Amino acid sequence: MAASTAAALTSTAFLSNKKDLDVAAFSSSLPFSQRRCERAVSKKICSVMTPQQSERKPSATGSVKTAMTMTEKIFAKASKKTELSPGENVWVDVDVLMTHDVCGPGSIGIFKNEFGENAKVWDREKVVIIPDHYIFTSDARANRNVDILRDFSKEQNIKYFYDIKDLSDFRVNPDYKGVCHVALAQEGHCRPGEVLLGTDSHTCTAGAFGQFASGIGNTDAGFVLGTGKSLLKVPPTLRFVMDGEMPDYLLAKDLILQIIGEISVSGATYKAMEFLGTTIESLTMEERMTLCNMVVEAGGKNGVIPPDSTTFKYLEDKTSKAYEPVYSDENARFLSEYRFDVSKLEPVVAKPHSPDNRALARECKDVKIDRVYVGSCTGGKTEDFLALAKVFLAAGKKVKVPTFIVPATQKVWMDLYSIPIPGAGGKTCSQIFEEAGCDTPASPGCAACLGGPRDTYARMNEPQVCVSTTNRNFPGRMGHKEGQIYLASPYTAAASALTGYVTDPREFLQ
């Protein structure tokens with residue numbers, strides 16, 4: 001029975017018919033209503049079970065007295081403890097601190113106020129400063145923010161400051177990278193088992209590498225700059241087991257929107273979200289980054305994926321620093337476990353104005369749109385644009401609405417002009433986008449994902465309807481307060497651009 005047409009079951013059947021449904025009773029601690037339980041079962045998407053044992057590698061950090069999750073082990077190592085439990089507050093040593101042009105000036109101001117005008121950061125090689133948010137704008141205050149980062153980096157002799165001086169052409173700035181969360185991975189700052197903190201909520205993206213990565217505020221960042229330490233509470237862990245062959249019309253964006261739709265935007269508040277299963281193992285690193293990127297939209301403290309050969313291969317030419325992977329113990333304590341049969345899922349979107357306002361893409365086929373935006377830390381990576389090109393190539397048509405292309409980083413921008421698309425006769429993404437009628441790929445950066453100054457590229461300055469590969473669709477997120485944003489995968493974004501309506505990509509991929 002198709003997921004969308006399965007008959008609704010009563011809560012009595014849900015609890016008593018465990019064998020047929022392969023589900024166990026909900027934990028009493030879960031905030032699911034009866035109606036929500038019925039909906040989850042009727043779609044045969046997810047079952048919430050008592051934690052099961054699975055074959056996981058033991059910790060590489062020595063003997064373990066108490067079974068721990070990945071996140072707990074990383075906290076234990078960083079706080080020099082032999083064991084930890086959820087709820088404990090510990091001082092952890094920070095391996096990398098990242099900040100950018102929006103929060104950097106504030107963090108720097110707090111650092112200087114608390115530690116002194118002439119104070120030095122705790123480690124100039126562990127601070128990564130990446131201008132990326134409000135870059136290509138004439139806004140004087142936004143430009144001044146980058147100047148503050150530059151002055152501080154020079155003063156502190158920061159090793160990893162990815163500067164941009166000439167805004168007229170990003171290509172003449174060899175140090176400039178673009179979106180911080182993608183640049184962190186590309187430049188080798190993400191490593192298994194480490195603690196990475198950043199002054200941006202989507203710092204959780206780096207959890208794809210098997211590390212603890214989370215966003216912090218300016219005050220905490222100012223303290224880390226001076227001490228290299230942060231006081232953190234150990235989060236409990238939710239486990240998401242995703243098995244089954246990934247259909248060729250789904251992407252990781254569909255998976256995380258599906259999960260957020262199930263548990264809500266508060267379902268993982270201050271919890272770690274650990275992802276595993278055969279589907280996860282089949283994902284590329286960029287797709288894993290997409291998955292971890294949006295855990296914060298469910299309230300998650302961090303997302304994490306067990307590192308494997310895919311992780312290690314990606315890191316081969318990225319970093320020479322030694323790292324120590326950790327894995328959850330077989331009998332580790334998980335607050336809850338969610339299981340998904342990915343082979344039965346369908347393309348989804350998040351309707352305005354919340355990331356958990358989930359709907360099947362095909363259910364929104366009558367929603368007329370004004371534009372499509374492809375970019376951001378969530379949907380502006382090389383593989384996101386390859387997916388976009390795949391749909392355009394299969395369709396052989398032109399887009400019917402303005403379609404904006406914003407590469408996350410300078411490397412991604414170059415990939416669009418250099419990587420040939422399979423089956424396209426040697427054509428690159430940029431050529432396929434041009435033939436489809438898309439806007440010319442813009443300068444790499446965050447651009448309109450979070451609105452920005454009024455002259456920001458592709459900003460929504462009018463109350464339009466947009467299908468976007470970004471991560472948030474709150475009122476005003478991309479500019480105009482009355483704008484409507486439908487979050488979607490690059491496949492769905494491409495299909496929607498071709499029709500002028502929210503469109504299931506299977507119309508072009510099957």
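User: Leaving aside its neighbours within four places in sequence, which residues is Lys301 in contact with?

Analyst: This is a predicted model, in which local features need pLDDT of at least 70, side-chain atom pairs count only at pLDDT 80 or more, and totals for chains, interfaces and linings use all residues. Residues are numbered from 1 along each chain as its sequence is written, and side-chain values use heavy atoms, with hydrogens and water left out. Lys301 sits in the loop between helix H11 (285-293) and strand E11 (302-304), where helices (H or I, at least four residues) and strands (E, at least two) are DSSP runs numbered from the N terminus. With contact meaning heavy atoms within 4.5 Å, the partners of Lys301 beyond four places in sequence are Phe212, Ala213, Ser214, Gly215, Leu232, Pro235, Ala268, Tyr270 and Lys271.

User: Is Lys301 buried or exposed?

Analyst: Buried means under 20% relative accessible area, exposed over 50%, and partly exposed in between, for a 1.4 Å probe and protein chains only. The relative accessible area of Lys301 is 14%, so this residue is buried.

User: How are H5 and H6 oriented to each other?

Analyst: Axes here are lines fitted to C-alpha atoms, for helices over the stretch in contact, and angles run from 0 to 180 degrees between N-to-C directions. The axes of H5 (residues 104-115) and H6 (residues 140-156) come within 9 Å and cross at roughly 45°. Angles under 35 degrees count as roughly parallel, over 145 as roughly antiparallel, 65 to 115 as roughly perpendicular and the rest as oblique. H5 and H6 are therefore oblique.

User: Which residues of H5 and H6 make the contact?

Analyst: The contact residues divide into 6 nonpolar, 3 polar and 2 charged, where Ala, Val, Leu, Ile, Met, Phe, Trp, Tyr, Cys and Pro count as nonpolar, Asp, Glu, Lys and Arg as charged, and the others, Gly among them, as polar. H5 supplies Gly104, Pro105, Ile108, Phe111 and Lys112, while H6 supplies Asn145, Ile148, Leu149, Phe152, Glu155 and Gln156.

User: What classes of residue make up the contact of H14 with H17?

Analyst: H14 (382-395) and H17 (residues 490-499) pack at an angle of about 40°, with their axes 8 Å apart. Asp384, Ala387, Leu388, Lys390, Val391, Phe392 and Ala395 of H14 meet Pro490, Tyr491, Ala494, Ala495, Ala497 and Leu498 of H17. By class, this contact of H14 with H17 has 11 nonpolar, no polar and 2 charged residues.

User: Against which elements do the buried residues of H16 pack?

Analyst: In H16 (residues 429-436), the buried residues are Cys429, Ser430, Ile432, Phe433 and Ala436. They cover an arc of only 165° around the axis, which puts them on the same side of H16; the arc is that of the directions from the helix axis to the C-beta atoms. These buried residues of H16 pack against helix H14, strand E16 (403-406) and helix H15 (410-418).

User: What is the phi of Ser376?

Analyst: Most residues other than glycine have a negative phi. Ser376 is found in helix H13 (residues 376-379) and, at 2% relative accessibility, counts as buried. Although Ser376 is not a glycine, its phi is positive, at about 90°.

User: Where does His353 lie?

Analyst: The peptide bond from Pro352 to His353 is cis, with omega near 0°. His353 lies in the loop between strand E13 (348-350) and strand E14 (358-360).
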